[in-house]
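Here is a short report for a first look at this structure.

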Amino acid sequence: MVEHVSKNFTVENGVYKGRAKHTLNNYKSVGEMIWTSIRSHGNNIAHLDALTDETVTYGQLQDKVVRCALWLQKRGIKSGDVISMCTDNHFNSIVPCLSAAYINAIFNAWNENMDLQTAMHVLELTMPKIIFCNEKSVDVVLRAIKEKNRSPTVVIFGKHVDAISFSDILNNCNDAEVSNFRYIELDDIKKTACITHSSGTTGLPKGVELSNYAILALSQENTLDMNNKPSLWFSSLYWLSGILMNFIAIVYGSRVILYPKFDEEMTCQLIEKYKVAIVFLSSSMFNRFLKAGYIKKYSLSSLKTILCVGATVKPKVQQEMRCILPHVQILQCYGMTELGGGVTMQLPNHKNGSCGTVDRNAQIKIVDPENGKVLGPNQSGELWIKSSNIMTGYYRNPEATKSMIDEEGWLHSGDIGYFDNDGELFIVDRIKELIKYRGYQISPGEIEDVLMSHPAVLEVAVIGVPHELDDEHPLAFVTKRPNVKVTEQELIDFVAKNMMDHFKLRAGVIFLDAFPYTGSGKIARKDLKEIVSAAFLGTSMMNRLLQSNQLKKYQLSSLKVIMGSGTSIRPKVQEELRHILPHVQILQCFGMTELGGCATLQLPNSKNGSNGIVSKNVQMKVVDPESGKVLGPNQSGEICIKLPGIMTGYYKNPEATKSTVDEKGWLHSGDIGYFDDDGELFIIDRIKDLIKYRAYQISPTEVVNVLTSHPAVLEAVVIGVPHAIDDEHPVAFVIKKPGAKVTEQELIDFVANNMMDHCKLRAGVIFLESFPYTGSGKISRKDLKAMTRKLVTYDN
């Protein structure tokens, strides 16, 4: 066993153990602790409303808590019943929690910003007898009650026709009843005190049961030294941190400054005006507080400590904050709702970005998630944790409890991290959030660290976007600092230059005005994944969409990706689409039904008109169709492909299969193309579509590219018409843009003036109202050729 005396922890067989020290002060319930603490502070100020400068003393708070508790008792509420709150922070929000504690009921806070689905879920899960709501949440709560046919009593902080006013319940008893009231003693300190909720970053929240013992132990920690000091936080009671900060403030007599929402400059003003000593922020608030720059404009001389929780604060962010505020302790801890709070805590001398060392009454080990082996210092694995304050379990969900806490009492956190040689914990990422790219496991947190170091980035979240061949590609959501400019490509390049190849932002960057957050202040990655949407269009559809000018009439702000398939998108078309829709990734791939999917795929930074680079598990070569010689970069030939997903063959047609897939497994695509020096594939044409004019091979696509650059042309197709002497002559089928005028001769001359002689439209131009299409959305050349036999009478 290695003992770190000065650091208050030991290491034994790879297990980091905090000292065992239990501070309950002989309290037997949360109710007893609150009762004793409030009464000891008398007429000291408990809460100050920064909007109005009104105050509530501890004595006034006690009066409201008792009156609410008496009302609950008169409504038949008893030990073990659930009382729910769905509100923001204000003078009365904490009152029902404390009242529930006085009568040993279970208090349970909901997210005031929840949608109907979540409201119905938590209603069914917790089945409260009473729900206290604010005016913002009451309609959703009432609708959930109606949808689920439940009958809890609804109390509102304010007024609503279908709810009881909170002010009315305080008038339900007389002064004598208040004077005679006393908290109810608890017979078992391990009984549930509250049900709080997991953050729900990836799904609906689960109910986390915390015992009276856990709340008592956590509430009497004085790590923050809140004795008679003004404190400020923005955590609602939905956060465990909001509950604990309220309880700690009551135990130590802190003056709590109330303000409805976090604002970077207002936070500075509140600290200055009210001489705030302790500030508690989520990691997202912390990042915004720093990067908004207002902290440089205020002295903040009263401020002693900023404690940060949630996702881990990046080392450079913490270092910068410590530099700007050298007189302030900038600390963070590591914990989970399921652990009943923090299990590690930074000390002032700890490294930037660490979560500190293991705290009292906690044990942590780092485990290889594959084989369960306990790992040593500087080896990353899953954090397994034991704590005396650990949850009793997930409320009414034994299966989820069993999957989280093993038979030996170790909670499997799902977080990846390591201890360094000094016993400081560093969190790397969540197991569920790791991005699988080919054979790699990519940590979103590592990419986020790099992006956060860019001077234009305010906040960032990286998620994995499903990919047909590569499993997933990283996509970054970014909010920019005010008045700072940066492009998607600049950030893509920034990551590419500072990280290994597999970390590249292959799915691009999406700029947001603001992130969606969970009730506990974490970025809601579930919502980000829902934001990502895509449109899949055939090339012809894409051409028509562009040329119709309809794109300029709509914002299309939700659109993130347009994926083109079929024949290749022409460079000018893709360039123009990217210009009109700069927030959208305009991508295309190369594939065939016979290949079972895509063989190449563009990246956001791929060249206009290319088909991207070779995908995972795919082999490609460009071959001279005459000699079979493999060609080098920028040499055009037939594309031949090998990949595991290739077709078994053409059904009941072995001869056709043999003519397409050779003995070595190479599929001969019939497409003519080349790879450029960067390995990007460009498709020129189909071998079968090449027009034979005397000794020349004319690419129809090259003629089409010229025609579609004419301002009157919406779409064009060029095919070969048989000729007795010259083999074939090119004829163009053209659809004109609405309202545009152009003659056949003008287009014939336009091609003649812009191309070599053999590319001239010797068989003329045919105007159509629309093209015939195949079932897969491609233009039907077979039908066009049939049309030429009827329309073209051309002998010379």
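In helix α5 (residues 138-147), the residues Val138, Val141, Ala144 and Ile145 are buried. Because they cover an arc of only 130° around the axis, they sit on the same side of α5. That arc is taken from the directions from the helix axis to the C-beta atoms. An α-helix has 3.6 residues a turn, so residues three or four places apart point the same way. Buried means under 20% relative accessible area, with exposed over 50% and partly exposed in between (1.4 Å probe, protein chains only). Helices (H or I, at least four residues) and strands (E, at least two) are DSSP runs, numbered from the N terminus.

The cover over the buried residues of α5 includes β6 (82-86), α4 (116-126), β8 (130-134) and β9 (153-157). Asn149 follows α5 and has a positive phi, near 55°.

This is a predicted model: local features need pLDDT of at least 70, side-chain atom pairs count only at pLDDT 80 or more, and totals for chains, interfaces and linings use all residues. Residues are numbered from 1 along each chain as its sequence is written, and side-chain values use heavy atoms, with hydrogens and water left out.

## A strand with two partners

Strand β4 (residues 45-49) is largely enclosed by the rest of the structure, because 4 of its 5 residues are buried. Which strands pair with β4? The table gives them; two strands pair if DSSP finds at least two bridges between them.

| Partner of β4 | Sense | Bridges | Facing residues |
|---|---|---|---|
| β14 (residues 255-258) | parallel | 3 bridges | His47 and Val256 |

β4 and β5 form a hairpin with 5 residues between them. In the turn, Asp53 has a positive phi of about 65°.

## A buried aspartate

Asp415 lies in strand β23 (residues 411-419). Is Asp415 buried or exposed? Asp415 is buried, with a relative accessible area of 8%. Leaving out residues up to four places away in sequence, Asp415 touches Tyr334, Met336, Gly381, Glu382, Leu383, Asp429 and Arg430. Contact means heavy atoms within 4.5 Å.

## The whole chain

The chain has 22 helices and 43 strands. Of its 796 residues, 56% count as buried. Its C-alpha atoms fill a box of roughly 115 × 65 × 60 Å, taken along the principal axes. Among contacts with a separation of 6 or more, 65% involve residues 24 or more positions apart.
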